[in-house]
Amino acid sequence: MSEKVKEEGSCGKSCEACPHRQANDCPGCTRGPGQKGVGECELARCRREHGYPPCSACRFRVSCGTYRRWHDAAQDRLDERRAEIDRRLELSQTDPDLSLLLWILFWLTLLGTFSIRLTTSGGDAAQQELFWSIAGLVRTAACGVLFLRLSKEENTYRTAGLFTLVSVALSLLTLFLPADAMGGGLILVLGLCGTGLSIAAEYYECSAHAALAERWDEQLAGKWRMLWKWRAAALIAAAAAMLLSAVPTLSLLLVLFVIAAMAVTGIWKLVCLYRTAKLFGSNG
């Protein structure tokens, strides 16, 4: 610092005599006050937002939890800055393709969430339906392959990928089974098995994302863990709707719940994927 500022800091200490000032790159409470972002002084932030004088002159300081830690404020800022440096260093050592893979997964998930089936006036409607069903399964299979690739960074992705690919195989099989009495029963069994595998794949995918994110963003990891529970509830309701197809009213209510839940959690998942990809974006 070429020019020293003789002032009383928000914490009551002399800014000129503060031993942590240079390490924190602090311009002083009057000039700053403090710094925004990582390493920001909570006392200076409070003073800035409320327009208060130094804490020593604030009438609320006796009951202020932040003020009670005034003697540790500068050291806490320094520790936070060092932790951020360590975080960035650890991020720089992750797989350089991690961000790219997560962004591909994001766009595939976006495509699946907002997919629109286009139909033409000509051609067989059943063939068009088959085409879009296969297209959806190809997209899901691509996600499964991505999970296997991501397992280099977090092993739980491998389980998610295997369950995803097996569920795709079962779903693909049901598309070509005959719709007679025997075939219809087999389709129902395979459909229930596929739903179970989808629930498991959803669990392991969200768990893998959470494990990947929790080292740098615990809040994001918590959102991933909560997400799979709602997704599982929607998938279980879908399975129940298949079993209760003979009860039209109840089946319809379940279907409506599934549609609403999948729409909400689909957007929720996209937001979490976006934030996860952004988390590792600085490494690209």
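My entries follow, from the whole chain down to single residues.

**Entry 1: overall fold**

I note at the start that this is a predicted model. I counted secondary-structure elements next. The protein has nine helices and zero strands. Reading along the sequence, I get α-α-α-α-α-α-α-α-α. I then looked up burial. Of the 284 residues in the protein, 37% are buried. I also checked how far apart contacting residues sit in sequence. Among contacts with a separation of 6 or more, 64% join residues 24 or more positions apart.

**Entry 2: nonpolar core**

Which residues touch the most other members of the largest nonpolar core? I find Leu102, Leu105, Leu150, Tyr157, Trp224 and Phe280, out of 28 residues in that core. Two or more residues each come from α4 (98-113), α5 (125-150), α6 (156-174), α7, α8 (218-243) and α9 (248-279). Helix α4 gives the largest share, six residues.

I followed Leu150 further. Setting aside neighbours within four places in sequence, Leu150 is in contact with Leu98, Leu101, Leu102, Leu105 and Tyr157.

**Entry 3: largest pocket**

I looked up the volume of the largest pocket. The value is about 1700 Å³. The lining holds 46 residues. Nearest the centre of this pocket lie Gly112, Gly136, Arg139, Thr140 and Met262. Helices α4, α5, α6, α7, α8 and α9 each give two or more residues to the lining.

Which element gives the most to the lining of the largest pocket? I find α5, with 10 residues. I sorted the lining by class as well. There are 23 nonpolar, 16 polar and seven charged residues.

**Entry 4: Glu202**

I picked Glu202, in helix α7 (residues 181-213). Is Glu202 buried or exposed? Glu202 has a relative accessible area of 9%, so I log this residue as buried. Buried here needs a value under 20%. I then looked for a polar partner. The side chains of Glu202 and Lys269 are joined by a polar contact of 3.3 Å. Not counting residues up to four places away in sequence, Glu202 touches Trp228, Arg231 and Lys269.

**Entry 5: Thr109**

Lys269 came up again when I looked at Thr109. Thr109 sits in helix α4. Its relative accessible area is 9%, so Thr109 is buried. Beyond neighbours within four places in sequence, Thr109 is in contact with Arg139, Lys269, Leu270 and Leu273. Arg139 is also one of the residues nearest the centre of the largest pocket.

**Entry 6: Ala234**

I moved to helix α8, where Ala234 is found. Ala234 is buried, because its relative accessible area is 0%. What does Ala234 touch, not counting residues up to four places away in sequence? I find Phe257, Val258, Ala261 and Met262. Met262 is another residue listed nearest the pocket centre. I also took one C-alpha distance.

**Entry 7: Tyr274**

Next I looked at Tyr274, in helix α9. The relative accessible area of Tyr274 is 39%, so I log Tyr274 as partly exposed. Tyr274 touches Trp103 and Phe106, leaving out residues up to four places away in sequence. The C-alpha atoms of Tyr274 and Leu102 are 8.3 Å apart, at 172 residues apart in sequence.

Ile104 lies in helix α4. Its relative accessible area is 36%, so Ile104 is partly exposed. C-alpha to C-alpha, Ile104 and Cys143 are separated by 8.8 Å, at 39 residues apart along the chain.

Ala135 lies in helix α5. Ala135 is partly exposed, because its relative accessible area is 30%. I checked Ala135 against Gly112. These two are 23 residues apart in sequence and 9.9 Å apart in space, C-alpha to C-alpha. Gly112 is among the residues nearest the centre of the largest pocket.

Terms used. Residues numbered from 1 in each chain as written. Predicted model: local features only at pLDDT ≥ 70, side-chain atom pairs only at ≥ 80, totals over all residues. Heavy atoms only, no water. Helix = DSSP H or I, 4+ residues; strand = E, 2+ residues; numbered from the N terminus. Buried < 20%, exposed > 50% of the residue type's maximum accessible area, 1.4 Å probe, protein only. Polar contact = N/O pair within 3.5 Å; in protein donor to acceptor, adjacent residues only side chain to side chain. Contact = heavy atoms within 4.5 Å. Core = buried A, V, L, I, M, F, W, Y, C linked by side-chain atoms within 4.5 Å. 1 Å grid on protein atoms, 1.4 Å probe; cavity = no way out; pocket = protein on both sides within 12 Å on 5 of 7 lines; lining within 4 Å. Points joined across faces, edges and corners; volume = space filled by probe spheres on them. Nonpolar A, V, L, I, M, F, W, Y, C, P; charged D, E, K, R; others polar.
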